[in-house]
Amino acid sequence: MSVAEAADTRRWRRKRRAEQPMVPKANFTSYYGRPILKPPVWEARDIAGYLFLGGLAGGSSLLAAGADLTGRQELSRVAKAGAGAAITLSLAALVHDLGRPARFASMMRVFKVTSPMSVGSWLLSGYAPAACVAAATAFTGRLPRLGTAATAAAALLGPAVAAYTAALVSDTAVPAWHDGYPEMPFVFTGSAAMAAGGLGLLAAPAAESGPARYLALLGAAMETAATERMTRRIGMVAEPYRTGRGGAYLRVSRVLAAVGAAGAALSVGPVVPAGPPRRVVAAVSGAALIGASAATRWGVFHAGMASARDPKYTVVPQRQRLSERETAGPAAANNH
């Protein structure tokens with residue numbers, strides 16, 4: 001290369017570096033500055049609490065039935081008490097958000113299998129009495145046959161109660177919820193199992209807490225894997241799960257789940273001495289797992305609300321889908 005050519009090359013490179021992009025960064029807005037979607041008028045305390053407590057109740061009823069079958073009476077009482085208290089508080093949170101108890105009854109005027117809200121209302125109306133009766137008979141010792149029937153009914157409906165709220169939030173136009181619909185039931189079910197197992201570790205005797213430990217570890221693994229898969233699959237719509245309040249809650253959930261799972265595993269190994277030290281480790285891990293489950297529900301709630309407020313999460317995926325259809329159209333025509 002000659003001296004003149006080298007000088008021209010340097011000038012060209014300096015010119016390229018000096019050039020600035022003329023197209024500004026896209027700023028997604030809507031008419032009059034209003035959101036494209038109207039965010040749900042839900043309070044975090046009520047609805048995120050409703051999601052968490054319903055999952056805790058459903059998972060605890062399943063754990064209680066297993067404890068009865070294996071003769072773990074103290075674990076059974078703890079799980080039944082947790083299920084009864086959690087579903088009562090969950091319904092209270094839901095009714096508080098609705099404003100009037102009559103609105104809950106209005107949702108049961110018809111049974112519509114395609115409506116998660118309709119199906120959920122009927123599920124709760126059957127599950128809540130069964131869970132409360134099971135808890136009452138366990139602590140009073142009266143009407144044991146009724147208690148057995150109520151325990152079986154609550155265990156049968158419990159998994160559906162724990163999972164249907166995933167369909168409820170996914171069946172909306174909120175991008176972070178709707179786009180995650182394939183994995184959301186696994187996130188919620190894993191979270192429910194983690195909370196129920198954590199309650200057993202926290203409150204049941206160490207000699208009877210084996211099923212609770214395994215349920216908690218299974219739930220933690222399921223929730224973590226499903227959340228990771230969901231956020232990877234939905235691409236940029238997953239940003240609210242990583243940033244803002246939603247991301248902060250989910251980071252707390254991951255830390256608490258790791259601490260709780262490690263404690264649950266160590267509470268039966270030779271590392272922790274038997275007796276009070278092992279009991280303390282189990283209780284701390286149980287509390288951490290319950291906290292992780294709650295943080296997951298609050299994180300999912302706030303991520304969804306953030307995605308509804310920002311038009312970007314509605315506009316960009318729509319443009320991508322339109323572009324893919326336009327690209328696929330000529331390709332399909334050429335194949336024919």
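Good morning. I begin with Ser285, which lies in helix H12, residues 276–309; helices here are DSSP runs of H or I with at least four residues, numbered from the N terminus. The model is a predicted one, in which local features need pLDDT of at least 70, side-chain atom pairs count only at pLDDT 80 or more, and totals for chains, interfaces and linings use all residues. Residues are numbered from 1 along each chain as its sequence is written, and side-chain values use heavy atoms, with hydrogens and water left out.

Is Ser285 buried or exposed? Ser285 counts as buried because its relative accessibility is 2%, the limit being under 20% relative accessible area with a 1.4 Å probe and protein chains only. Its side chain reaches the backbone oxygen of Ala282 at 2.8 Å. Beyond neighbours within four places in sequence, Ser285 is in contact (heavy atoms within 4.5 Å) with Leu201, Gly260, Gly263 and Ala264.

Next, the helix pair. Helix H11, residues 244–266, packs with H12 at an angle of about 160 degrees, the axes being 7 Å apart; axes are lines fitted to C-alpha atoms over the stretch in contact, and angles run from 0 to 180 degrees between N-to-C directions. H11 is therefore roughly antiparallel to H12, a term for angles over 145 degrees. Their crossing is left-handed, meaning that the near helix is turned anticlockwise from the far one by less than a right angle.

Finally, Ile87. Not counting residues up to four places away in sequence, Ile87 touches Ala57, Leu124, Tyr127, Ala128, Ala131, Cys132 and Val161.

Methods:
Helix = DSSP H or I, 4+ residues; strand = E, 2+ residues; numbered from the N terminus. Buried < 20%, exposed > 50% of the residue type's maximum accessible area, 1.4 Å probe, protein only. Polar contact = N/O pair within 3.5 Å; in protein donor to acceptor, adjacent residues only side chain to side chain. Parallel < 35°, antiparallel > 145°, perpendicular 65-115°, else oblique.
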